[in-house]
Amino acid sequence: MVPFSETMRRLWELVTGGEFIAQFLDSATLFLTGFFAALIVGAPLGLLLARVRSLRIGVEPYIMTLYATPMVALIPFILSLMGFGFGPKVLVVFLFAVFPVLYNTVEGARSIKPELIEVAKSYRSTEWALWRDVMLPYTLPYTMTGVRQAIGRALVGMVAAEFFLSSTGLGQLIMGASQNFDTGGVFASIFVIGIIGVALMRLGLSIEQHFARWRQ
Amino acid sequence: MSQQTITAPAPAAGRPQPILRRSGGALLPRLLCGLTILGLWEGVVQLWAPAYVAKPTTVIAAIPKVIVDPQFLSATGHTLIAVAEGLAIALVLGTVIGLLMGRSPALERVIKHYVNGFYAMPMIVVLPLFSLWFGYSSAARLATIVFAAVFSIIMNVADGARAVPKEYLEVASSFRSTRGRTLIEIVLPAATPYLLAGFRLAAGRALIGAVVAEFFLAVGGLGYFILFNSRTYHHNEAFVGVLLLAAFGVSFELMVVWATRHFLPWYRRDEK
């Protein structure tokens, strides 16, 4: 254990020394790349499944299974197949984040009231208008629940990738400090990651609530 | 085209159908999709990947060998026992703290931000710290599991304790129930559905915590089994471990859903 003052002193050193900023940007790049890749793949795929019923029924149990699988277990495979570059780390973040988005979007799609689509159809809505005015607005709040979960998971994925693949970013900050028995440094980095976690969770919640307004 | 789109929609969106017909109709597409996925995987690996990479045929071939391997069995046992122990500790600790936090505004004000903060923190960042404190041992793994699991239980139980209907508490106090008894006999049962929801989250997180801890600490268990085998290019054997983990993940999920339905049939809440 180290006293709080020591932790704060190390935190100050890390921030003013510039080391922290560099590592933070490194981590942020990884997080954002993986997260947006997951969003770009997960949300449209989920919507597609929403419309094509037979496909949805077909893949639903597999998505649910993958959603419940601890993705960390795949890290050793990714490591031995793809090595230590930036790509495999993005893949880890992607895998952590994509299934919450996909799962929740499909879940939302499942709960679309058939009447909504029937009414749209009986007014001879085109396929495009149906997507724009019914499918998208209806599933969006569910997708955003997935986005909130994905933000949290992507953060775990980011740290896991930085721990177990090549050591970079905030993960390396912690690892380096712990290998030097610099407990103050470990605490300082954990403190920072904790703050980032809280900030991201707040962000996720407000995004979710913003899009869920009409549900109430 | 327009003819077709007008007649097609009813089945395309039909959800309220008789259960029998629904599940009967679901089996075929599910089977087909599963086979397609496996086929794609097999094809891609056979065409482009090195021979040691796991593919469905070789993984299936490896299953009978692996599940009788005493090393694999003891690894599974170690991990499962650690997860069960960790969850039990987290359950007791989380329920107690959660109940107190939900019923005592003063306590809530004091610890709310810390609980939130720890909950939002990616749990694996504490591994280096725990490895310094507990050494590279199974104690560090247990601590990681407890840490991973406890905060989601606290948060959910506190939510549940806060949501207890006022009338229950009023009746209890008009019968001169003590605070302790009210907490255990009124608040706890009323918060049970929340507890289960928290437990469902916690179980998933505990499993991840156990695997990550084994990677990091090289403590014997299913996670370490996967790590070791994939490092020595026994990908098929390692993948059997992943399948088992997935099975645990899914069965935890199903167990909690079943328990909610079975023991709390009166309870419905939007999934969070």
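Here are a few questions and answers on a predicted two-chain model.

User: Which element of chain A has the lowest mean pLDDT?
Analyst: Overall, chain A has a mean pLDDT of 86, with 98% of its residues at 70 or more. Among its elements, helix α5 (residues 86–110) is the highest at 90. The other end of the range, with a mean of 79, belongs to helix α1 (residues 4–16) of chain A.

User: How many helices and how many strands does chain A have?
Analyst: Going along the sequence, the pattern reads α-α-α-α-α-α-α-α-α. The C-alpha trace of that chain spans about 70 × 40 × 25 Å along its principal axes. The tally for chain A is nine helices and zero strands.

User: Which helix supplies the largest share of the side of chain A that touches chain B?
Analyst: The contact takes 43 residues from chain A and 49 residues from chain B. On the chain A side, α3 (53–68), α4 (75–82), α6 (114–122), α7 (127–164), α8 and α9 each supply at least two residues. By class, that side has 29 nonpolar, nine polar and five charged residues. The largest share, nine residues, comes from α3(A).

User: What covers the buried residues of α7(B)?
Analyst: In α7 (residues 127–134) of chain B, the buried residues are B:L127, B:P128, B:L129, B:F130 and B:S131. After the helix comes B:G135, with a positive phi near 75°. The cover for those buried residues draws on both chains, including α8 (138–162) and α10 (179–217) of chain B along with α8 (169–179) and α9 (183–212) of chain A.

How values were computed
Residues numbered from 1 in each chain as written. Chains lettered and ligands numbered in written order. Predicted model: local features only at pLDDT ≥ 70, side-chain atom pairs only at ≥ 80, totals over all residues. pLDDT = per-residue confidence, 0-100. Helix = DSSP H or I, 4+ residues; strand = E, 2+ residues; numbered from the N terminus. Buried ≥ 20, exposed ≤ 12 C-beta atoms within 10 Å, placed from the backbone. Contact = placed C-beta atoms within 7 Å. Nonpolar A, V, L, I, M, F, W, Y, C, P; charged D, E, K, R; others polar.
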